[in-house]
Amino acid sequence: MRRKRLLALIGTAVTIVVVSVYGLLTAPDAGRAAPTRTPGPTREITLTDEEPPGQAPTGPLVSPTPTPTPAPATPEEAAARYVEAWQEMNLTAMAALVADPPADFAGRHLDFDRDLRVSSLSLTLGETLREDAATAEFAFHGVRRMEGFDDPWEFASALHLTRRDDTWKVLWTPETMHPSLRDGGSVQRTETAFRRPATLTREGEPFPRHSRAERYVSGLEGTVTVPALVERPSGRELLAAPVPPLNGRRSTISRPVQAAAARALDGVGGPAAIVALDVRSRQVLAVADTLDEGQAAFTGLYPPGSTFKIVTAAALLRAGLTPDTPLPCPAAYTVPNGKSFSNDGGADHGTVTLTAAFAFSCNTTFAQQTYERLGGGRLAAEAADRFGFRVKPGLSTCRIGRGETQDELTTDAIGQNSVLASPLCMAEVAAAAASGVWQPAVMTDRPDPGLPAAVPLDDGVAAALRTMMAAVVTEGTAARAGLPPGTAGKTGTAEVGDGASHAWFVGYRDSVAFAVFVRHGGGGGAVAAPIAARFLKAL
């Protein structure tokens, strides 16, 4: 009869979750000392034959000098007491119920809970697995709650008991705490940092590492730490918290294009920048900048050199020239009563087409044709009205003077003198040639209504520019740069008074228009165009 009452008691035992006790004992400064229990009104459970079946036992309040608890007379009673003491983290009571507890019994429990940041433990005794006169074994189910995990950590184990001197004791081993501790195993809490930035690429992914876009796009940093429990030495993951989804705002930046731009600048000795645009939408796909001058890739003003010949060529085409018009390209040309111009390396190409003069970047041809055909402010009007070289709202910055004298006008024609542009401005010029429409670059899904309206180029002008820019890559100044097939562009070497020339290459391939700029880098064909080749080949 007594055995049946005890089993009924165990079967209906309340699963106690003592969060406050766990919070105290697993604190970092809890140490290895046995827990201190705060005195207070508690009830002592007395197991007697007089308890009505199916009811929780009752008893008098503990007196100031409590009566010692009798040793467990049955394995069921010993198991129930051990489970109750464990839930309360009463390590002294637990040790008293263990046969030959190790010296670090309390420390092992405290270390386990502290290292895994256990906040609560719930235990439920299960069925009797084995019982005879000297030994017994009971299944039990455990649920631990831990900081950083929404889901509980459930486990199943067994209590092994033995009869010692007319009492029952728990045969404790580390695996009693968790099966993964068998044979010297352990459980390790790992924490993995996942990037969760406030701003994402257009694909909804974090920006590539070392993107070199930090000055243009805010919120690129930000991480979240996700914990997991890993069994050692097997490496088996026992429990993992879910990784929070990426929910930052999306930008116009393309992750693969940005990565290609950033890596193309790796190893470039001088300050440099790459800007890339979508030809159709004019959204900024990438901006990689090592210029260290604020947002210089957007707003810095640098002489664009011969890349400006795209604009000058458009004005000459509008003035009546065609890509096939034969023109002189002598080694030197002097404006009547004015400035002298020469080609790079003193090259004399004789009579060539406008396309060839553009491909070979003939300074003499463009100076002479500008002097003869683009006076009266026509070059400045072309640049300002059709290519954005004026004060205007938007991301890019470009400038050109009126070219009041013949020397100023002809020097402007080759991208020197009053002509100044940012890399973004020149990427807009390349995109205009590719699409036949100039429009300002944007970094939003919807263009700001306050931005300048799109300006279409004449169809014939745009088609001619594309032919001439393709010739630069196939037979002109960028022919040896290793650019992939389908690339069209223009090199530029801009002379400056404070050091070596600036190196430029602007162009487009497929749906991507771009500008590469290396401050004081040297020749555009030798320096900037190979960087563009690395960028395009990585797309």
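Guide: Let us start with β5 and strand β7 (residues 223-232), which are joined by 10 bridges in the antiparallel sense. Two strands are said to pair if DSSP finds at least two bridges between them. Helices (H or I, at least four residues) and strands (E, at least two) are DSSP runs, numbered from the N terminus. This is a predicted model, in which local features need pLDDT of at least 70 and side-chain atom pairs count only at pLDDT 80 or more, while totals for chains, interfaces and linings use all residues. Residues are numbered from 1 along each chain as its sequence is written, and side-chain values use heavy atoms, with hydrogens and water left out.

Individual residues show how this pairing is arranged. Alanine 193 has threonine 225 of β7 as its bridge partner, and serine 186 faces arginine 232 in β7.

Contact here means heavy atoms within 4.5 Å.

Another hairpin is formed by β1 and β2, with three residues between them. Strand β1 (residues 118-131) and strand β2 (residues 135-146) run antiparallel and are joined by 10 bridges. In this pair, arginine 130 stands opposite glutamate 137 in β2.

We turn next to an open sheet of five strands, in the order β11-β10-β22-β21-β20 and with antiparallel pairing. Its edges are β11 (284-289) and β20 (488-494), each with a single partner strand, so one side of each has no neighbour in the sheet. The twist in this sheet averages 10 degrees from one strand to the next. Seven bridges pair strand β21 (residues 502-509) with strand β22 (residues 512-518) in the antiparallel sense, and valine 506 has alanine 515 in β22 as its bridge partner. On this sheet packs α14, which touches β20 and β21 and makes about 70 degrees with the direction of β20.

Helix α14 (residues 459-474) also packs with helix α8 (residues 309-318), at an angle of about 135 degrees and with the axes 10 Å apart. The two helices are therefore oblique to each other: angles under 35 degrees count as roughly parallel, over 145 as roughly antiparallel, 65 to 115 as roughly perpendicular and the rest as oblique. Their crossing is right-handed; a crossing has this hand if the near helix is turned clockwise from the far one by less than a right angle, and is left-handed if anticlockwise. From α8, the contact uses Ile310, Ala313, Ala314, Leu317 and Arg318, and from α14 it uses Val461, Ala464, Leu465, Met468 and Met469. Nine of these residues are nonpolar, none is polar and one is charged. In this classification, Ala, Val, Leu, Ile, Met, Phe, Trp, Tyr, Cys and Pro count as nonpolar, Asp, Glu, Lys and Arg as charged, and the others, Gly among them, as polar.

Finally, the axes of α14 and helix α13 (residues 423-435) come within 7 Å and cross at roughly 115 degrees, which makes α13 roughly perpendicular to α14. Ala433, Ala434 and Ser435 in α13 meet Ala462, Leu465, Arg466 and Met469 in α14. By class, this contact has five nonpolar, one polar and one charged residues.

Methods. Axes are lines fitted to C-alpha atoms, for helices over the stretch in contact, and angles run from 0 to 180 degrees between N-to-C directions.
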